[in-house]
Amino acid sequence: MDGVSTSQTSPIAFLKGHGTENDFVIVPDPDNTVDLPAPAVAKLCDRRAGIGGDGLLHVVRSAEHPEAGAMADEAEWFMDYRNADGSIAEMCGNGVRVFARYLQRAGLVEAGDLAVATRGGVKKVHLAKDGHVTVSMGRALFPEESVTVTVDGRSWPALNVNMGNPHAVAFVEDLDHAGNLFSVPPFTPASVYPDGVNVEFVVDRGERHVAVRVHERGSGETRSCGTGACAVAVAAARRDGADPSETGAPVTYTVDLPGGRLVITERPDGEIEMTGPAVIVAEGHIDPALLT
């Protein structure tokens, strides 16, 4: 159980937000009292029978959540992130930006720098006055296992990248080669990703400029994926011989996704920063009957 079980007979506040059209249901719950089992989350994220979203952002004070208590000294707020099917995820880059925008809108933080606790660690965030939000996404890891992705008879080698969650990045000739992305693109060997994987299909648009379609585990194809954009940028940098740890210079890639544009910078120390918009579009109350 994620929070303290309650009868939940009163309406539950929610907001709706998106970052490059990667959209989220936001449930403010500072004291971690709202019970959000997976079926309830899936109902809320259902686009026909619920509110609709690629995921859910459960806003909890770090000190009040058993998974975040150890981070409370660094970050007051914990992003308890759920995929659209209700499953738990380590991190969501677009979600962190929207999470920070909510905190600002609610008067809980001001523009400038703040820290957000996630299952992928504490993330540093900067809220700019122009409406864009920059998130320090940490460093990319490159597990040694090689991966092959196959769609409709075509196969590509994919770079195995971990951004706090797993990614398989495949460079293709045409984004249509990714297929419909409703289901998980087949990959081998299956043992590389025992808990599932996000799969990115990438084409070049220009110098240090790429376009992407992505299948997010637990959500299907989404309009944008922040950790996926970071994985794509570092994969492109390695392919292009622009590894900052070797050149000593930061490298920036523009990443176009169906929902908008993100700018990704990797620094010589390996730290990756992602910048893009974050918008709150609605707020209201959830009928508690929807959660039962």
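Two strands pair if DSSP finds at least two bridges between them. The structure described here is a predicted model.

**Strand E1 and its partners**

- In the hairpin formed by E1 and E2, two residues lie between the strands, and threonine 20 adopts a positive phi near 45 degrees.
- E1 (residues 12–19) and strand E2 (residues 22–28) run antiparallel, joined by five bridges.
- Within this pairing, aspartate 23 of E2 is the bridge partner of histidine 18.
- E1 also runs antiparallel to strand E18 (residues 279–286), to which seven bridges join it.
- Leucine 15 stands opposite glutamate 283 of E18.
- Strand E1 is largely enclosed by the rest of the structure, because six of its eight residues are buried.

**Cysteines**

- A disulfide is a covalent bond between the sulfur atoms of two cysteines.
- Zero disulfides are found in a search of the whole structure.
- Cysteine 92 takes part in no disulfide, and its nearest cysteine sulfur, that of cysteine 225, is 6.5 Å away.
- Cysteine 225, at 3% relative accessibility, counts as buried.

**A loop residue**

- Serine 191 is located in the loop between strand E11 (187–188) and strand E12 (198–206).
- With a relative accessible area of 61%, serine 191 is exposed.
- Serine 191 and glutamate 145 are separated by 46 residues in sequence, and their C-alpha atoms are 9.6 Å apart in space.

Notes
Residues numbered from 1 in each chain as written. Predicted model: local features only at pLDDT ≥ 70, side-chain atom pairs only at ≥ 80, totals over all residues. Heavy atoms only, no water. Helix = DSSP H or I, 4+ residues; strand = E, 2+ residues; numbered from the N terminus. Buried < 20%, exposed > 50% of the residue type's maximum accessible area, 1.4 Å probe, protein only. Disulfide = S-S within 2.5 Å.
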